[in-house]
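The sequence and coordinates should be kept at hand throughout.

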Amino acid sequence: MNTTALKEWPLWEIFVRSKQGLEHKHCGSLHAADASQALHMARDVYTRRQEGVSIWVVPSAAITASNPDEKGEFFDPAADKIYRHPTFYEIPDEVGHM
Amino acid sequence: MSATIDYLLHLADNAVVLGQRDAEWCGHGPILEEDLALANVSLDLIGQARLLYQRAAELKGDGTTEDQLAYFRDSQAFRNYTLLELPHHGALVGYAVADRDYAATIVRNFLYSALMVHVWDALQTSADSTLAGIAAKSLKEATYHLHHSRDWLVRMGDGTDESHARAQAAVNHLLPYTEEFWTVSPAEAAAVEAGVGVDVRSLRGAWDALVNDALAEATLTRPQVRGYVPQGKVGLHSEHLGFLLAEMQSLARAHPDGCW
């Protein structure tokens with residue numbers, strides 16, 4: 001492995017849509033010199049087994065992520081607000097499965 | 001019928017020999033992503049070879065199998081271009097300790113796929129309908145191989161001083177071997193006569209345009225080529241094919257009829 005190249009090439013996040021009508025899902029990341037090369041490498045790394053019909057590549061640096069240290073203040077306050085789940089309705093029988 | 005078989009073997013031997021060569025990088029690619037990309041190219045080529053050998057075996061009709069054609073013929077019987085059997089060593093061919101050079105791999109794949117996109121395109125109307133079907137499938141693969149190798153060729157040629165020098169050395173070393181593309185072998189002539197094959201001479205202009213365009217974009221120079229014309233496709237090979245086949249065929253010969 002050429003570690004110099006790995007240090008110099010930016011990281012890309014790969015999103016693959018498995019079939020028409022479904023959303024693109026994050027499936028991993030890879031190193032590439034630019035967006036076009038990232039797209040081709042994603043084709044070879046992530047769609048070898050017919051996993052997809054469409055690929056998005058996004059520079060990892062363009063993603064702003066939540067801070068794990070702030071997990072408590074970010075996510076815990078939602079824990080006791082079960083009324084936000086739509087589970088308090090009686091669903092009429094004729095609606096069937098939802 | 002034998003014209004078709006010989007022609008199928010020429011196409012199949014090309015695919016299996018380059019597939020085997022490129023597979024030598026498996027696990028040793030310059031980076032992980034490219035390792036997978038080149039292994040994919042190899043598997044496409046080996047897949048093409050299988051279909052072509054299967055069709056040749058079917059036409060022979062004497063119980064021959066695809067495995068016998070790939071693993072139990074000797075180098076003199078192979079009809080691949082000499083270009084495809086050369087090691088990845090660039091101009092250092094012949095030195096046992098020479099390192100593989102990825103530039104040689106990329107340039108070779110480019111020169112070959114730039115030909116095959118035209119060959120497969122033309123063979124879609126072959127009088128042999130099975131070959132026409134194989135051509136339609138292979139055209140998509142060759143188009144991707146061309147895109148892959150051309151992309152790297154431009155990046156290397158128009159890259160650093162070292163990558164430019166290596167790419168230019170690989171072009172200087174390998175381009176002369178493409179002269180073999182344009183001489184018509186007896187097998188090719190018979191296949192063209194039967195409506196099964198394509199006359200390669202009719203493809204030269206289109207190939208030249210692809211090559212010149214890519215070399216210009218890669219800031220590389222096309223060397224003058226004259227003199228020796230390789231004859232791999234009539235069975236006169238370099239010393240390298242025997243070693244390649246020895247490795248490729250050893251398992252099948254050690255365990256005949258082995259099944260996995």
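This is a predicted model: local features need pLDDT of at least 70, side-chain atom pairs count only at pLDDT 80 or more; totals for chains, interfaces and linings use all residues.

Helix α10 of chain B covers residues 240-254, where helices (H or I, at least four residues) and strands (E, at least two) are DSSP runs numbered from the N terminus. The 15 residues of α10(B) reach 21 Å from the first C-alpha to the last, close to the 21 Å expected at 1.5 Å a residue; the expected span is 1.5 Å times one less than the number of residues.

Residues are numbered from 1 along each chain as its sequence is written, and chains are lettered from A and ligands numbered from 1 in the order in which they are written.

Within α10(B), the residues B:L241, B:L244 and B:L245 are buried, a term that requires 20 or more other C-beta atoms within 10 Å of the residue's own, with C-beta atoms placed from the backbone. The buried residues of α10(B) pack against α1 (2-23) and α4 (82-85) of chain B; contact between two residues requires their C-beta atoms, placed from the backbone, to lie within 7 Å.

Chain A contains an open sheet of 3 strands in the order β2-β1-β3, with antiparallel pairing; two strands pair if DSSP finds at least two bridges between them. Its edge strands, each pairing on one side only, are β2 (24-31) and β3 (54-59). From one strand to the next, the twist averages 25°.

Strand β1(A) pairs with β2(A) over 7 bridges, and A:F15 has A:H26 in β2(A) as its bridge partner. These two strands form a hairpin with 6 residues between them, and A:G21 in the turn has a positive phi of about 95°. Towards β3(A), strand β1 (residues 11-17) is joined by 6 bridges, and A:R17 stands opposite A:S54. Helix α2 (residues 35-46) of chain A packs on the sheet, touching β1, β2 and β3, and its direction makes about 130° with that of β3(A); axes are lines fitted to C-alpha atoms, for helices over the stretch in contact, and angles run from 0 to 180 degrees between N-to-C directions.

The contact between the chains takes 13 residues from chain A and 8 residues from chain B. On the side of chain A, α2(A) provides the largest share, 5 residues.

Key: A residue is buried if 20 or more other C-beta atoms lie within 10 Å of its own, exposed if 12 or fewer, and partly exposed in between; C-beta atoms are placed from the backbone.
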